[in-house]
Each structure stands twice: as C-alpha cells, then as structure tokens.
Amino acid sequence: MTEIYNNLYNFIVSKKHHQYRHTVDWNLAEEYSQKGLSPIDRMTDRFKRICEEEKPVILEGEQIVFLRTVANLPDVFTEAEWKEIKAKHYIHELGYMSNLSPNYYDTISRGLLEKRETADEYGKAAIDNIIMLSDKYLEEAKKQGRADLVEILTQVPRYPARNFREALQFFRILHYALWLEGNYHNTVGRFDKYMYPYLKADMEKGIYTEETALELLCDFFLSFNKDSDLYVGVQQGDNGQSMMLGGIDENGKDVYNLLSELSLKASYNNKMIDPKINLRVSKSTPAERYTEATNLTKAGLGFPQYSNDDIVIPALEELGYEHNDAVNYTVAACWEFIIPNVGADVANIGAMSYPKAVDKAFHNSLVESETFDEFFESVKKEIFKASDEICNNIKDLWFVPSPFMNVLMDCDIYAGGKYNNFGIHGTGIATAADTLAAIKKYVYEEKSVTKEELIKAVDEDFENTPELLHKLRYDAPKLGNNDDFADNIAVELLDVFADSLKDRTNCRGGVYRAGTGSAMFYLRHAEEIGASADGRRKGEPFGTNFSVSLFANVKGPVSVIASMTKPHFEKAMNGGPLTLEFDQSVFADEDGVEKVGLLVKNFIDRGGHQLQLNTVNLDRMLDAQKHPENYGQLVVRIWGWSAYFVELDKEFQDHVIARQAYKV
C-alpha cells in the first residue's frame, strides 16, 4: 500500500474523521404530525433535509468519497403515533426496512436519471436529492483541484458508470443514501458477480494492474467503516454490511474470479470488521480456495462465513424459489438466505427456543411420561405450541415507506416482493438435545436418577447435588462427539421445528422458514428458564447459533463437524451457521492454515449448510477486558457479525471467552 493510503487508513482507524460530524436538533415528528403528513411524505421530506444538511468532506488521498456528517436521523413519528401504529400493525424491530439486497447493478449500469424516468413522484424526489448531494461533492472536488473526482462525479450518479472506479463510487453513493434514508442492515449482495465486468474491462485496457486494483479496492472497503458506528445494530459491528463472493450463476458457472480474490486480499490487508465476507462454496470448490479464505480466519476477522450451494440452492427451490432466483441467493445482515433484487423476505422475524420447550415439558409432563418416547411427544407439542404463538402474533406487518429503496428494487417494495417469506430462528438446540439425552440415559434407561430427584435438582440450580451436576455437565452424552445417542435427538428436534412451520401461510402470502441461527437469543432465551438437566446452571447462556454447548466435553472439531452435519438442513433453510472457535496457535504456520481449510472442505463435503470460524486468544481477550486501550483493533465473531472486542458489552465478551477454542 502507498503512503497516501496508509495515511488515510490511519486517519479513519483513529476516528479523526469524526471531527466533521454534527447533530441536528429537529423535532420533525411533531412538525409532521401537526401538518398531518403521510408516512411517505415524511420520509421524503426528512431525506431532503438531511441531504441538504450534509456537508461534503473529501479526505486527503481518498479515492472513494462520501462521508456521513449528520450523526443522527430524527424520527418521523411521535411516540403517540408509534403507539397508534403498533396498535394496528405488527412492527418488526424498528419498523424501517432492513435486510434487503437491492439491485445495485441495474442502477450503476443505467444511471439515476434513467431510473428517474420510471420512478414514482417520491422516487423522483429521492433521486433529485441524491444528485443534489453528489453535486456538493463535485463542487468540493473542484475547490480541492481533484480532477479525478471531478471527472467521476460529473458522470455518476447521473449517468452509468463507465469503469471500475466509477462503479465503486456509484455503489458508495447508493449504499450511503440507503442509510441516510433510514434503512438499516443494507447488504452488499453478490459483489463479485455484478462488479467484476467493470474490473475485467479495465484490466483488459491496461488501466489497472492487480496491485493498483487492490489498492483501489482497499480504499473502497475502507468506506464501509467510515460511518458504521452510526448504523443501527445491537452493538457496533452489527450493521449488516454483508458481501457475498463466489457461487454459481444461472447457468451453473462458477462466479469466483479475480475480483473475488482481490476482495479477500483487501479484507486481509485492512483487517477491519466491514464489509463482512461470505463465500459460497460446494463439493467442486478447489481445496486451495479454502486455504486462501482461511488466511482471513487466521487474521482474526471472524470471516469468511461459508454457505454450501449444494445444500442451499435445492432447499430454496423446495421452499418455492424459482431456480434462477435460488442460484442467485445471498445473505442478509448475518446469515439468513435472501434473494437479491426481488426478495422481500423478513428473514429474522421471530425465534423459537428449544430449551424452553423442553423445560415446559420437563416440568409439566416428565413425571407422568412412562417412556422417553412419550416424554418426547410432549416436547414436540411444546415446539408446535411455540410456533403457533409466534406465527399467530405476526399479523398486518407494516414498514415505514422507503422511497429510495423502492427505486433500487425490481419490485414494488410496498406491496411486497416476489418472495415474502418469514424466517424463524431456532435457538439452543445443543442445550435441548443434551438435556433430552441426559433424561433418556439416566432417567429412562439406567434409572439411576428418579424424575422427582432430577426436577428438584434442576429447580434448586444443583446447589444441593454437586455430584449429579458433575455427571450431567461432564459425563452425560453431548451433541458434538459424533455419538448418535445425542446427535439423533438434535436431528429430530430440528425436524420437529421445521414440521411445526410447514404449510403455514404468513400475513403477506409467504411461507415460514425454520432456521438454525440464534442471533442475540443465545443470551436472551437462556434468561427465560432456570437450570437445565444437561448441567447448565441458571443464568448460563446457550451456545451461539448451531453449535455445541459451551461446556460440552467434545473430542474436537472433526467430531463436532460430524455431529453437526447429520441434520436434514433441506427442511430448515433460513440459515444459521455452525460456529467453531480455533485457538490462535493453530495458525502458527502454513500447515495449520491448510488443515483448517481442509476442515472447512470436510464440512461442506459432508453436507453442512453454513459455517463460520473464529480465531481467539484467551490471554489477549482477558487482558483486553482489563486494558481496553491497548486492543482497539482486536476483532472477534459474535453471531453473524464481527466486532471490535473492546467495544462489546461485557456479556458478549464473556460469551466469546467461554466458547471452546479448538486445535487441529
């Protein structure tokens, strides 16, 4: 990297660009309420005012511009109005559109003026305001004598991008505008598929070498981190800037190309949490690609996250997605599978807790159940009841209008997309499977513990039964050891969850999709129950996503992969990865990197659907809790996103510390 880029990088990393920010003290909600403006008129007016308020900032040496200077977006509804809206509609999260993958390529290849011709009045207004803001940057570029930017901003976003740099700048403007409008978890989609033609053409013209193209891409990747602390999320890092690389196209051809390779290198060079890299792979993926990707894991970024085309595409088709859409899948903010351009799925609309279903059956039905099969039937009923409750609660779903998002989609987003399916997480499967395995073994088979004794011990949080606690916690069968005793229970639990959602139609005419993710619910759902019969004590969290218990005594990553690839993922294709942590010492040499790459390949070849890896160093994390000022760039994977460790709430830090760190 050149000195100019390194200076820019250090400027951003040290957060010196925050000096350009300011907040606005506008009571827009009250003003709009008094005027009686419609929701879409409110969003249109706020976007106009924010674009007018934004100040153009071009940093020294910057190749991809646009920097957020307004640090807040005043709400468009009063508290009373929100209360009234929520009384009439189901509101998902914040009520603003999120987790969509718009058609960036269509706009980049046509220009906003051409898009304006077919936009409605609100879309036209949004386009006009974006062009107005871009013109402010154009004028600033002229003042600074930046002839390169003057040429670019004279062309985009009004007109189609003519080359790779213009395409990247156009994307930055579109992506920036979506956040400025109030949308969140705005994904990147299949970046190497729609952006590669621009790079390819420039490379053929001799405009770039791989080195100069990489430097431009590093600058572009840096732009994802300039404003991300202002984006909506549970924590800094949870902002949904997920980029998909690789995979097949509509003709079955592998998309992976030079831009894919350069994207991995740019992410490795920057070592920042955005964009979050996802990699589509299959049985035909060469081993060296896994090794190349594992270098990112070695860097401690918590990505790439892997998705298996061999499993995902047929499963999506089984759910009703047309082939050309299924093969074009990408991921939402974390891991949920969504369709770019035409999909309006709400991929994280609810979450079902396996341990809570087991806990209800444990307290209400265990004593009267004569056999384990009879007890398991009561667990099934509780899972179906939980799904009933979730689905019955979601009626009249409503989102705040988003005029510019509507411009970028190949559908009328207000009416819904081509696909309007709802995704439901399934959390704590290892805790549930391990609990059931312990009950089956010790209560029904060995009869070494009575039902009443076990219930009493669990309700007392094992305070008076330390020997039983030890047996349940460390000696009982656990998911992750390639032991069918526990593994088959997990398989059946996932099947039951999928069946509980099958053939249901949601309020938008779509279906429900069972998933294997957990999001933040590995903490929240664990607080809803006390201790459990697997030896988990009250207050202890579940494992994240589709993972083994935090305290499970497992043989190693090979046995975990063997266990976690047994379920019928084709029945539960909302997404949710197996998450594995590796001790940093694993990557001490190239042999370790290759071994981890082969483990990933093994997971894919065995039919796993989704996988993410984390590199951890226990001593560093513990020291970072004591001396956060020394670890500003320490990155860890949380659930579907990576974050700077010291910026996390302690409960998330502690969970990462508690996870098992494997060696190979």
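## Briefing: a predicted 664-residue chain

With 664 residues, a compact globule would have a radius of gyration near 26 Å, and the chain agrees at 25 Å. That radius is taken over C-alpha atoms, and the globule rule is 2.2 Å times the number of residues to the power 0.38. This is a predicted model, in which local features need pLDDT of at least 70 and side-chain atom pairs count only at pLDDT 80 or more, while totals for chains, interfaces and linings use all residues. Residues are numbered from 1 along each chain as its sequence is written, and side-chain values use heavy atoms, leaving out hydrogens and water.

**Overall build**

- The chain has 27 helices and 14 strands. These are DSSP runs numbered from the N terminus: helices are H or I with at least four residues, strands E with at least two.
- Along its principal axes, the C-alpha trace spans about 80 × 60 × 50 Å.
- Of the 664 residues, 62% count as buried. Buried means under 20% relative accessible area, exposed over 50%, and partly exposed in between (1.4 Å probe, protein chains only).
- Among contacts (heavy atoms within 4.5 Å) between residues at least 6 apart in sequence, 78% join residues at least 24 apart.

**Nonpolar cores**

- A nonpolar core is a set of buried Ala, Val, Leu, Ile, Met, Phe, Trp, Tyr and Cys residues joined through side-chain atoms within 4.5 Å.
- The largest holds 185 residues; Phe191, Met195 and Leu493 touch the most other members.
- Beyond its neighbours within four places in sequence, methionine 195 contacts Ile108, Phe164, Ala167, Leu168, Phe171 and Leu259.
- Another core lies apart from the largest one and has 21 residues, including Cys334 and Tyr631.

**Cysteines**

- The structure holds 0 disulfides, a disulfide being a pair of cysteine sulfur atoms within 2.5 Å.
- Cysteine 391 is in no disulfide; the nearest cysteine sulfur, that of cysteine 507, is 10 Å away.
- Cysteine 391 is buried because its relative accessible area is 7%. Cysteine 51 counts as buried at 1%.

**Aspartate 120**

- Aspartate 120 sits in the loop between α6 (112-116) and α7 (121-144).
- At 34% relative accessibility, aspartate 120 counts as partly exposed.
- Not counting residues up to four places away in sequence, aspartate 120 touches Asn406 and Tyr414.
- A polar atom of the aspartate 120 side chain lies 2.6 Å from the backbone nitrogen of glycine 123.

Methods
A polar contact is a pair of N or O atoms within 3.5 Å; within protein, one must be able to donate a hydrogen and the other to accept it, and residues adjacent in sequence count only if both atoms are side-chain atoms.
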